[in-house]
Amino acid sequence: MKIYTKRGDAGDTGLFGGGRVPKDDVRVDAYGEVDELNATLGLVRGFSPPPELDAMLHRLQDQLFTVGAVMATPMDAKAASHLPPLKESWVTDMENAMDRFDNELPKMTHFILPGGTQAAAALHLARTVCRRAERRAVPLLREGTIPKDVVIFLNRLSDLLFVMARVANHRANVQDVKWIPEKPSES
Amino acid sequence: MKIYTKRGDAGDTGLFGGGRVPKDDVRVDAYGEVDELNATLGLVRGFSPPPELDAMLHRLQDQLFTVGAVMATPMDAKAASHLPPLKESWVTDMENAMDRFDNELPKMTHFILPGGTQAAAALHLARTVCRRAERRAVPLLREGTIPKDVVIFLNRLSDLLFVMARVANHRANVQDVKWIPEKPSES
Amino acid sequence: MKIYTKRGDAGDTGLFGGGRVPKDDVRVDAYGEVDELNATLGLVRGFSPPPELDAMLHRLQDQLFTVGAVMATPMDAKAASHLPPLKESWVTDMENAMDRFDNELPKMTHFILPGGTQAAAALHLARTVCRRAERRAVPLLREGTIPKDVVIFLNRLSDLLFVMARVANHRANVQDVKWIPEKPSES
Ligand code: B12
Ligand code: B12
Ligand code: B12
Ligand SMILES: C[C@H]1O[C@@H](n2cnc3c(N)ncnc32)[C@H](O)[C@@H]1O
Ligand SMILES: C[C@H]1O[C@@H](n2cnc3c(N)ncnc32)[C@H](O)[C@@H]1O
Ligand SMILES: C[C@H]1O[C@@H](n2cnc3c(N)ncnc32)[C@H](O)[C@@H]1O
Ligand SMILES: [Mg+2]
Ligand SMILES: [Mg+2]
Ligand SMILES: [Mg+2]
């Protein structure tokens with residue numbers, strides 16, 4: 001089977017389990033953004049993040065494929081029973097990692113200008129792409145056609161990516177730059 | 001003429017041929033995404049892909065400007081006759097390139113974690129941005145206000161970018177990492 | 001307070017000033033894109049742009065947080081009076097910078113293929129992300145729920161990023177490649 005099947009040339013495409021929908025369907029849009037997020041994590045890894053972060057990113061990329069498969073499957077489709085399981089432990093693992101990293105990092109009480117090392121900068125970018133994917137997933141959650149675990153996963157992941165960006169800088173001795181808002185104008 | 005004309009400060013803008021539309025019009029959104037795709041290809045080229053791929057990317061960037069010009073022109077506008085032609089050979093060239101690369105590459109029967117060399121990682125990112133552009137172009141196709149060749153071009157291009165990512169890794173002796181889904185949970 | 005509050009796990013979130021909205025609300029989408037733009041500027045800075053550009057980018061990142069705070073605050077909210085001011089001088093500063101750079105650069109009468117140095121390529125990417133953010137801000141402007149200065153800022157910024165990309169290449173002795181459209185086909 002060739003990689004290019006041309007089946008999508010007219011603007012519609014297939015879900016897992018078989019239904020066909022237009023490519024601008026909210027569902028396709030949502031897992032398309034998860035695919036973009038996954039690619040952005042690949043970009044981060046190309047910038048040689050600290051090995052511990054790289055291993056985490058590898059795991060997250062793997063998990064995101066399960067998230068993507070779940071999103072590509074209408075909850076009531078027969079195919080749903082063929083899906084690999086979305087594990088709750090993935091979320092608690094992320095929370096534990098954040099708690100652990102928090103001890104290593106200076107306390108944060110301000111926004112920070114995204115950037116620093118190339119890996120940190122790309123992690124911030126991934127954070128914002130993750131949040132975009134979350135925004136696109138929310139209408140599916142509201143319609144009840146994806147499990148709520150998908151949004152929880154993405155919500156936690158964007159926070160983890162923020163913390164990982166900080167760790168990447170911290171371990172490279174690069175200081176995060178705080179955003180100090182100006183005083184409101186009198187009026 | 002200054003680069004900044006300020007004409008768009010109120011939120012509307014001009015199409016090729018003259019009509020004005022709000023900047024959040026589906027058409028503007030769609031060719032804006034093609035612009036972003038083109039910029040992402042520029043980023044790939046900044047990561048020194050193999051020379052053969054770089055030359056292809058140069059050509060694709062050039063073709064995308066024609067695609068963009070076509071998308072920026074309502075099909076019934078007089079300006080349409082001033083457009084450079086969208087060539088069918090661009091699509092068959094992409095198909096031939098994929099067939100040729102396929103011989104060089106190990107057979108693929110699984111998803112792969114996007115990443116590898118910096119060029120490969122950026123090619124995967126470009127692949128997902130291309131698919132986003134395709135999703136935004138589809139409503140215009142449905143309305144019949146862009147030629148179908150635009151969607152065909154983008155559909156084929158995203159597959160080509162996938163194959164090019166694999167080639168970039170293969171020629172750098174970097175192995176693609178397969179996604180092996182876990183067994184579905186009994187239930 | 002932990003970085004992950006889990007408050008957004010159900011798909012809704014808080015604005016500045018206190019109201020809650022779904023995460024796919026146009027307002028959240030719009031400032032989410034500004035966040036992505038800010039992260040993309042961080043990426044540019046990771047590619048070592050010329051020092052003068054780097055200093056400008058630092059300033060722009062700072063300004064974008066004020067833009068983001070303004071966008072995250074419904075214009076009629078009490079919190080609006082606690083916002084740092086969006087300054088008109090930021091726009092005139094950008095215009096002056098463009099005028100100044102224009103003298104240094106060869107005159108431009110064609111589109112250019114986005115790319116060149118890594119910093120220039122990332123600046124083009126930032127330019128297109130800026131324009132995407134602008135597209136998402138426009139519906140809020142139309143509803144009258146953000147000040148018009150937000151769109152003006154983003155409109156001018158995308159032009160500045162174009163010029164900065166050209167400067168990044170020019171100072172690195174990299175020539176921009178023009179797009180020369182083919183002649184329209186007779187018909
Ligand atoms: C959902 C989906 C996606 C999603 C989400 C996937 C996820 N899990 O996160 C996204 C958007 C990421 C995606 C991307 C791509 N996809 Co897809 N995708 C699907 C779809 C609809 C379901 C796959 C799935 O998730 N299955 C769930 C798992 C648990 O079940 P599974 O059946 O065991 O899945 C296996 C195979 O489907 C897949 N597979 C089998 N043969 C091949 C061959 C290739 C080349 C690839 C990439 C995968 C692949 O590997 C899986 C792992 O075991 C299928 C079509 C279908 N209806 O089945 C297409 C499908 C597998 N995709 C396809 C393609 C071409 C791609 C892309 C190359 C498109 C592109 N240009 O970007 C990329 C590759 C991305 C990558 N990193 O490898 C083709 C493969 C054609 C072929 N030669 O066999 C299919 C068959 C669709 C089609 N055109 O008919 N995809
Ligand atoms: C569609 C469009 C785009 C699209 C798609 C283009 C495509 N083909 O893919 C996109 C979104 C990519 C785009 C981007 C930009 N555009 Co534009 N675009 C247009 C538009 C509406 C039509 C152009 C077109 O495609 N013509 C089709 C070809 C076949 O016809 P053409 O007339 O021969 O096109 C030539 C000129 O229009 C153009 N050109 C002439 N002078 C100048 C000067 C500059 C600085 C540039 C960049 C181009 C340019 O070069 C073309 C090649 O020969 C025109 C306005 C209009 N109504 O004409 C603006 C226009 C050309 N764009 C303009 C600008 C400023 C830009 C951006 C710099 C905006 C930004 N900040 O990102 C970028 C530059 C991108 C780049 N890589 O160079 C300005 C140029 C102002 C000036 N000083 O002359 C125009 C005139 C709009 C305006 N503000 O009034 N654009
Ligand atoms: C709008 C907003 C955003 C916007 C826009 C911000 C902008 N100005 O451009 C965007 C989308 C960029 C954003 C991003 C993030 N945000 Co936010 N954001 C808000 C919100 C709604 C208003 C903040 C604001 O703009 N205030 C305007 C300024 C003028 O007023 P201020 O009150 O003095 O703002 C100060 C604090 O709010 C903030 N701050 C205080 N403590 C902390 C702690 C952390 C960890 C951070 C990052 C900021 C922060 O620093 C500001 C500077 O003085 C608040 C919640 C709320 N209702 O207040 C959350 C809030 C500050 N954000 C939060 C978080 C977690 C984040 C992110 C880490 C999320 C993520 N995973 O990406 C990122 C961090 C980005 C960064 N670069 O640092 C949390 C912080 C939780 C905590 N531990 O204290 C809050 C409280 C929301 C919540 N979950 O309850 N955010
Ligand atoms: C930190 C702040 O970011 C906003 N917020 C929460 N989730 C998202 C998302 N997916 N995309 C953009 N903005 C979001 C809320 O306003 C929150 O308070
Ligand atoms: C490989 C799978 O990706 C999905 N698909 C097809 N086209 C797009 C697109 N433009 N964006 C996101 N997903 C897409 C379909 O589900 C297809 O089967
Ligand atoms: C240069 C051309 O780009 C288009 N244009 C103007 N603003 C945007 C935007 N935010 N996003 C995408 N395209 C835009 C208009 O067609 C303009 O003429
Ligand atoms: Mg969140
Ligand atoms: Mg396709
Ligand atoms: Mg503009």
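Modeller: Let us begin with one interface, where contact means heavy atoms within 4.5 Å. Chain A brings 41 residues to its contact with chain C, and chain C brings 38 residues. This is a predicted model, in which local features need pLDDT of at least 70 and side-chain atom pairs count only at pLDDT 80 or more, while totals for chains, interfaces and linings use all residues; side-chain values use heavy atoms, with hydrogens and water left out. Residues are numbered from 1 along each chain as its sequence is written, and chains are lettered from A and ligands numbered from 1 in the order in which they are written.

Biologist: How much area is buried between chain A and chain C?

Modeller: The size of an interface is often given as the accessible area lost when the parts come together. Buried area here is the accessible area (1.4 Å probe) that two parts lose on being put together, summed over both. For chain A and chain C the value is about 3200 Å², and carbon and sulfur atoms give 57% of that. On the chain A side, A:Pro114, A:Arg135 and A:Trp179 supply 20% of the area buried against chain C, more than any other three residues.

Biologist: How many salt bridges are there between chain A and chain C?

Modeller: A salt bridge is a side-chain nitrogen of Lys or Arg within 4 Å of a carboxyl oxygen of Asp or Glu. Between chain A and chain C the count is 13 salt bridges. In one of them, C:Lys87 meets A:Glu182 through their side chains (2.7 Å, N to O).

Biologist: Which element gives the most to the side of chain A that touches chain C?

Modeller: Elements are DSSP runs numbered from the N terminus: helices are H or I of at least four residues, and strands are E of at least two. Helix α4(A) gives the most to that side, with 17 residues. By class, the side of chain A that touches chain C has 21 nonpolar, 7 polar and 13 charged residues. In this grouping Ala, Val, Leu, Ile, Met, Phe, Trp, Tyr, Cys and Pro count as nonpolar, Asp, Glu, Lys and Arg as charged, and the others, Gly among them, as polar.

Biologist: What is found between chain A and chain B?

Modeller: Chain A and chain B bury about 3200 Å² between them, with 57% of it on carbon and sulfur atoms. This contact draws 38 residues from chain A and 41 residues from chain B. The count of salt bridges is 13, and B:Arg136 with A:Asp29 forms one through their side chains (3.1 Å, N to O). On the side of chain A that touches chain B, α1 (26-46), α2 (51-71) and α4 each supply at least two residues. The largest share, 12 residues, comes from α1(A). The residues of that side divide into 13 nonpolar, 12 polar and 13 charged.

Biologist: At what angle do α4 and α5 of chain B pack?

Modeller: Two packed helices are described by the angle between their axes and the distance between the axes. Axes are lines fitted to C-alpha atoms, for helices over the stretch in contact, and angles run from 0 to 180 degrees between N-to-C directions. Helix α4 (residues 118-143) and helix α5 (residues 148-171) of chain B pack at about 170 degrees, their axes 9 Å apart. Therefore α4(B) is roughly antiparallel to α5(B), as angles over 145 degrees count as roughly antiparallel. Their contact has 15 nonpolar, 4 polar and 4 charged residues.

Biologist: How many helices and strands are there in chain A?

Modeller: Chain A has 5 helices and 2 strands. Starting at the N terminus, its elements run β-β-α-α-α-α-α.

How values were computed. Angles under 35 degrees count as roughly parallel, over 145 as roughly antiparallel, 65 to 115 as roughly perpendicular and the rest as oblique.
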